Amino acid sequence: MTQGDGSADQAMAAWRRAASARARAASADKAALRQEELAAATGREVHLRAAEAMRSTAGCHRSSAQLQESFARRLAGWAQGRGPRPRFMSGVAEACGTSSAALTLVDGRQRQLAVAASDAPARAAQDLEFMLSEGPTKDATLRRDLVSVSHEAIETRWPCYGPALIAMGIREVAAVPLGSADRCLGALAVFDPRPGLVGTRTFTEIVGALTRTVLLDPDADPELYGGTDHRDVVQQAAGMLSVHAGCHIEDALALIKARAFSGAESLEALARKIVSGDLKITPGDWP
């Protein structure tokens, strides 16, 4: 680990968040026990419902603590020369029994604002959604509900996105919205998750933990320890193209997406070429 790279601070923050999450879990368990005692004493169903809600909250906090501790341990291993620098989302993917998971934040029109991915396939899948404006994350945020699709149904449901995802070797995808009671702020997408995981209490607790980690807790970290990409270079490239081609930024962004999808390079690689000047921009080059 190099001096001043911030890894030690990230590890300390992860351990601190883990301790805080475990304390919240213990508090929720204590509250649940009290509600269960009241239910036994009064026979009132409302106390049992409250206890169940508290137990669910405690489970989410424990899952959050486990994700934070996993990240801190990975950072320690990396500092000792074991493996590449860890991403927080890699721990989320591992908890889901896969290597590929991505968190995407969206605006009020369900357009991608930022993405954090565990690995290259997960990032490529989110880039496909960004370019094509269809896919599991978009559906999950629009419907505010779980989306789970596998095998041939992937191509049927998403005529453009589906075949490209299948071509990547992915055979199952699940996406679930993240947010508060009154607003959806994004979604977690998991690719080829552990069989039988989706829809279980464990999966629900992972989703709840991630929601708290990114959005709801007092010490929430939407940047996921620096692992979140706000697509700044893509937006910069769209701004440059809009000036050179004499079009609106949204039209320029659509042109960049189309060229990236039809070409062999990634969206980010294409955007970097535009920004650096390696790709000359003229209106005739952009169908």
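Modeller: The model is a predicted one. In it, F88 has a relative accessible area of 4%.

Biologist: How many aromatic pairs does a search of the whole structure find?

Modeller: The search finds four aromatic pairs.

Biologist: What makes F71 and F88 an aromatic pair, and why is the pair given its geometric class?

Modeller: Ring centres must lie within 6.5 Å, and planes over 60 degrees apart count as edge-to-face. The centres of F71 and F88 are 5.7 Å apart with the planes at 65 degrees, so the pair is edge-to-face. F71 belongs to helix α2 (residues 45–79) and F88 to helix α3 (residues 88–95), so the pair ties together parts 17 residues apart in sequence.

Biologist: Which residues do ring pairs link into a cluster?

Modeller: The cluster consists of F71, F88 and Y225, linked by ring pairs.

Biologist: How do you know the class of the pair formed by W158 and Y161?

Modeller: The planes of W158 and Y161 are 85 degrees apart and the centres 5.7 Å apart. As the cut-off for edge-to-face is over 60 degrees, this pair is edge-to-face. W158 and Y161 are both buried.

Biologist: Which charged end sits over the ring of F130?

Modeller: That of K257 does, 4.2 Å from the ring centre; the distance limit is within 6 Å. R231 also lies over the face of F130, at 4.2 Å from the ring centre.

Conventions:
Residues are numbered from 1 along each chain as its sequence is written. This is a predicted model: local features need pLDDT of at least 70, side-chain atom pairs count only at pLDDT 80 or more; totals for chains, interfaces and linings use all residues. Side-chain values use heavy atoms; hydrogens and water are left out. Rings of Phe, Tyr and Trp (its six-membered ring) pair if their centres lie within 6.5 Å; planes under 30 degrees apart count as stacked, over 60 as edge-to-face and the rest as tilted. Helices (H or I, at least four residues) and strands (E, at least two) are DSSP runs, numbered from the N terminus. Buried means under 20% relative accessible area, exposed over 50%, partly exposed in between (1.4 Å probe, protein chains only). A charge sits over a ring if NZ of Lys or CZ of Arg is within 6 Å of the ring centre and within 35 degrees of the ring normal.
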